[in-house]
Amino acid sequence: MMTAGALLRAMQRIRAFEEALAGRPDHGFQLFSMGQEAVAVGVAAALGADDQLLTSGRSIAAALARGVDAGAIMAELLGKEAGTNRGRGGRGHLAQPAAGFFGAHAVVGGNLTIAAGVALALATRGRGIAACMFGDGACGAGALHETLNVAAVWRLPLLLVCDNNGYSISTPQAMALAPQPLAALAQPFRIPAVTVDGMDVEAVREAAVALAARIRNGEGPAFLECRSARFATHSTSTRETRAADELAADRARDPIVAQARRMQARGELDAARLAAWDEEARVAAVAALAFADAAAYPASGSVLEDVQ
Amino acid sequence: MLYQLAVPGPIDDVEELRVLEWHVAPGQSFAAGDLVVELETHKAVVEVRAARAGILRSVLAPAGDWQRLGRPLAIVGDDSDEPLPAQADDLAAMLVEFEVT
Amino acid sequence: MSGSAAATRVYFREAIARALSEEMARDPALVLFGQDIGRFGGAYREFTGLFERYGAQRVRDTPVAEAAMIGVGVGAAAAGLRALVSITYMDFLMLGLDPLVNYAAKARYKTGGQLRVPLVVKATAGARGQGVAHSQCIEAWLMSVPGLVVVAPATAADAYGLLKSALRHDGPVLFVDHKRLYPTAGELPAEETLVPFGRARIARGGSDVTIAAHAYTVRVALAAAEELAREGVDCEVIDLRSLAPLDVDTLVMSVARTGALVTVEEGQATCGVGVEVAARVREARDGEPFRVARVAALPAPVSSNPVLEAACLPDAARVGAAVRALLS
């Protein structure tokens, strides 16, 4: 099991990575996870080498949390041949199945049924579970209903993780989704569901580990709703529509600060070590960026490769 | 008198079908209403029953063979002595009842 | 009427069932998904015997949920299995286009070759009295999706051979089985014969006009050709079999001899298969003139009303009229 410190450092690495990337508007927009690191890190902490993680387009945190090489992710996001997907996927499509990160898919709700299929393949193989992270925006999509149903009927080893940041771009949840809480969506399918504070990495980890254990035990799928907050705009090219005081209140719940404070309160962390971890994360992000910058773009003549 | 037992029709969508099983052997007699042969379409079984008594003289299309609608499957007769013709095409068709299930 | 010693005569559905059974025996990773394909054996009995032989884990009855059926098939295939998803009516393929088009067809490319999706979507197309949402032929929509193979057999042998090729392909394939072909029978070669993608079949040789058709319309074209032969018009009928990739060479060689091309399809003429066929032949003919006409469904929904259905669909009379008009 990951220690409290390991959870914190994983979140710090994600934050530093995205901050480094945020200064680079040269490859179109990006979909940042800032504020939602605890969900990705807490869920990844419940997964092992035989498991596969699938995500929505908002996937940087999940890919890093799953252990995909930061340089390869950065190269992918900047469109380089050395990227995880040879620069072909870009934002929203990061993937490295060999590392247990089956990948992101940028169609909202589009990875849900795929994840059920991955779970079926893993069940057939006889080991591993699939986890699929999706935003609350996907909860209005029919694909979730179909996935919940087929996963329940076939008792698939599937952990559905709703990373609920409250907004579909600019549309507040109250205007788009009737069910409350979103975890209630699982109940008609008799799928166990839990709602946790998605800004609390240990709470996410604990819930994810418990649900994953049930799934591994052959009890079928589970649903985890994590209430999170997105610190940045939907994408780097989207206008901010939220009020300043709402954003300030969200930022006051920063999962990295919260975990650091908790560890300090427990006497597990001092200021010097926290600063050192911050610096390590920053250095790693700079190195990832340097690796990506040094890498080449795909040759235009390779555009027809790997189509069929 | 000799008759031909032909593939009955019309049957929806069917141009040709396959002989599934003969329920009367050559030389055997049958009564009106007896199941003589089962045929198989792409999705159904066609039970062919005799509308009158007779003797099955010669099977032209054994089980597994294909035949088109209206074409002969066998030669039947009123008695077992009448010499068989080389082919059945010129014989009158024996009346049958058939059911597609 | 019995087949020659070298071949077996089978119904169209039996060619499909045999291909599935042989490939399931050959590849234990192959799993089938569909509505009523288990004990029921499929809407056209084309899955007969498979559930009994391979069991519920590999022959899976699904909920009525095409997006999940295709999505699960795609995910399972991408994660190491091989999947066939049966869509009972091609009209319902629309409900599952997202996982097929946005995921399966792009997975290999977008992951830089890390993922492959060995998936076959079998979609039963065509009109047979079932109405506006159970009759469509939308294969032309899918011909333009990079990464997707589209095949549409007209005979039992091609159904068998193309399905086997599809089930061994490491990318997604749309396999179109036209429902009016199910009552038909054909010869299957005694030896296993795979039909490669991108290879058309000359269903009838001729010298006056090239008729390009696929699936059930091959039979329509052949019927028209027989009628036209009595008038002294010698038609060459090309069964496209594979729509993407398209066998342009065979078409071009034929049109080079006949100088006239008539395309026949049960889908719509606008942006249809015939448009692509004509354009590809035109490009390859490099300005050499040839006459061209398209025969397709009329631009109306296909009604379950028998009078209106027949009025909408291409038949031998319309193909004959198009050929006569083109050659006059």
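**Figure 1. Buried residues of helix 8 of chain A.** In this predicted model, the buried residues of helix 8 of chain A are A:Val201, A:Glu202, A:Val204, A:Arg205, A:Ala207, A:Ala208, A:Leu211, A:Ala212 and A:Ile215. A residue is buried if 20 or more other C-beta atoms lie within 10 Å of its own, exposed if 12 or fewer, and partly exposed in between, with C-beta atoms placed from the backbone. Helices (H or I, at least four residues) and strands (E, at least two) are DSSP runs, numbered from the N terminus. The cover over these buried residues includes helix 1 (4-22), helix 2 (37-44), strand 4 (158-164), strand 7 (193-197), strand 8 (222-227) and helix 10 (255-265) of chain A. Helix 8 (residues 201-216) of chain A has 16 residues and, at 1.5 Å a residue, should span 22 Å; its end C-alpha atoms are 22 Å apart, which agrees. The expected span is 1.5 Å times one less than the number of residues. Just after helix 8 of chain A, A:Gly218 has a positive phi of about 85°.

Residues are numbered from 1 along each chain as its sequence is written, while chains are lettered from A and ligands numbered from 1 in the order in which they are written. Local features need pLDDT of at least 70, side-chain atom pairs count only at pLDDT 80 or more, and totals for chains, interfaces and linings use all residues.

**Figure 2. The parallel sheet of chain A.** Six strands of chain A form an open sheet in the order 2-1-3-4-8-7, with parallel pairing. Two strands pair if DSSP finds at least two bridges between them. Strand 2 (101-104) and strand 7 of chain A are the edge strands, each pairing on one side only. Direction ignored, neighbouring strands of this sheet are turned by 15° against each other on average. Strand 3 (residues 130-135) of chain A runs parallel to strand 4 of chain A, joined by six bridges. A:Met133 stands opposite A:Val161 in strand 4 of chain A. Helix 8 of chain A lies across strand 4, strand 7 and strand 8 of chain A, at about 175° to strand 8 of chain A. Axes are lines fitted to C-alpha atoms, for helices over the stretch in contact, and angles run from 0 to 180 degrees between N-to-C directions.

**Figure 3. The side of chain A that touches chain C.** Here 34 residues of chain A are in contact with 29 residues of chain C. Contact means that the C-beta atoms of two residues, placed from the backbone, lie within 7 Å. Helix 5 (112-125) and helix 6 (142-153) of chain A are the elements that give two or more residues to this side of chain A. Helix 5 of chain A gives the most, with eleven residues. By class, this side of chain A has 14 nonpolar, 15 polar and five charged residues. Ala, Val, Leu, Ile, Met, Phe, Trp, Tyr, Cys and Pro count as nonpolar, Asp, Glu, Lys and Arg as charged, and the others, Gly among them, as polar.

Figure 4. Five strands of chain B form an open sheet in the order 7-2-4-5-10, with antiparallel pairing. Strand 7 and strand 10 (96-100) of chain B each have a single partner strand, so one side of each is left without a neighbour in the sheet. The twist averages 35° from one strand to the next. Strand 5 (residues 45-50) of chain B pairs with strand 10 of chain B over five bridges, in the antiparallel sense. B:Val46 stands opposite B:Val100 in strand 10 of chain B. Ten residues of chain B are in contact with eleven residues of chain C. Strand 7 (residues 66-68) of chain B gives the largest share of the chain B side, three residues. By class, that side has two nonpolar, two polar and six charged residues.

Figure 5. All five residues of strand 2 (residues 30-34) of chain C are buried. Both faces are covered: C:Leu30, C:Leu32 and C:Gly34 on one side, C:Val31 and C:Phe33 on the other. Five bridges join strand 2 of chain C to strand 4 (residues 82-87) of chain C, and the two run parallel. C:Val31 has C:Ala83 as its bridge partner in strand 4 of chain C. Strand 2 of chain C also pairs with strand 3 (residues 59-61) of chain C, parallel, over three bridges. C:Gly34 stands opposite C:Asp61 in strand 3 of chain C. C:Thr62 lies in the loop between strand 3 and helix 3 (66-78) of chain C. C:Thr62 is buried, with 24 other C-beta atoms within 10 Å. Leaving aside neighbours within four places in sequence, C:Thr62 is in contact with C:Phe33, C:Gly34, C:Gln35 and C:Met69.
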